[in-house]
Amino acid sequence: VLKSVRRARTAGDAESVHRLRVALRCCRSLAVLMEEVDPHPAWTEMKRLSRTLFQTLGALRDTQVLEHEVKKLAPADGSLRPTLLKVLGDRAVEPLARMLRAIKRFDRKASSPHGSRLGARASTLRHARGFRSSVTLW
């Protein structure tokens, strides 16, 4: 997630936003699962923290998907394509700004002891339960 956060912060392109949303969704799903076997409150905190950033990315991602579809469907030599892309570009300004603010808050909170603590807890559970795959959080 942190690698995807850095990429989204610097690039802000559709691919980096999409990858960040996928990474956040995976962490949230893992936290739900881990809460079943380890009731530590940090799992709930991880879900809450990732939910806020995930939801913030939604409007930007929707606009980016629409831009992609316009580029794919609208004729390049027509007058409609540039108009639609301008409208969508204007619409993306505020969601992009919200994403950057949310990433800044996320970076501060994700750097808290929760991130490293949860990785260690997941690793301990993996060994105790006999899981074979490694778990990397944040």
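1. In this predicted model, the axes of α3 and α4 come within 9 Å of each other and cross at roughly 160 degrees. Because angles over 145 degrees count as roughly antiparallel, the pair formed by α3 and α4 is to be described as roughly antiparallel. The handedness of the crossing between α3 and α4 is left-handed, and the residues that make up the contact of α3 with α4 divide into 18 nonpolar, four polar and seven charged.

2. Helix α1, which covers residues 2–10, and helix α4, which covers residues 80–110, have axes that come within 10 Å and cross at roughly 150 degrees. With the limit for roughly antiparallel set at angles over 145 degrees, α1 and α4 are therefore roughly antiparallel to each other as well, and the crossing of α1 and α4 is left-handed.

3. Which residues of α1 and α4 meet? On the α1 side they are L2, V5, A8 and R9, while on the α4 side they are M99, L100, I103, F106, D107 and A110. Sorted by class, the contact of α1 with α4 holds eight nonpolar residues, two charged residues and no polar ones.

4. Within α3, the helix that spans residues 41–73, I would draw attention to S50. Is S50 buried or exposed? The relative accessible area of S50 is 0%, and since buried means under 20%, S50 is classed as buried. As for its surroundings, S50 and L24 are 26 residues apart in sequence, yet their C-alpha atoms are 5.9 Å apart in space.

5. The cysteines can be treated together. How many disulfides does the model contain? The count comes to zero, given that a disulfide requires a pair of cysteine sulfur atoms within 2.5 Å. For C26, which is in no disulfide, the nearest cysteine sulfur is that of C27, at 7.2 Å; conversely, C27 is in no disulfide either, and the nearest cysteine sulfur to C27 is that of C26, 7.2 Å away.

Key:
Residues numbered from 1 in each chain as written. Predicted model: local features only at pLDDT ≥ 70, side-chain atom pairs only at ≥ 80, totals over all residues. Heavy atoms only, no water. Axes fitted to C-alpha atoms, helices over the stretch in contact; angles between N-to-C directions. Helix = DSSP H or I, 4+ residues; strand = E, 2+ residues; numbered from the N terminus. Parallel < 35°, antiparallel > 145°, perpendicular 65-115°, else oblique. Left-handed = near helix turned anticlockwise from the far one by under 90°. Contact = heavy atoms within 4.5 Å. Nonpolar A, V, L, I, M, F, W, Y, C, P; charged D, E, K, R; others polar. Buried < 20%, exposed > 50% of the residue type's maximum accessible area, 1.4 Å probe, protein only.
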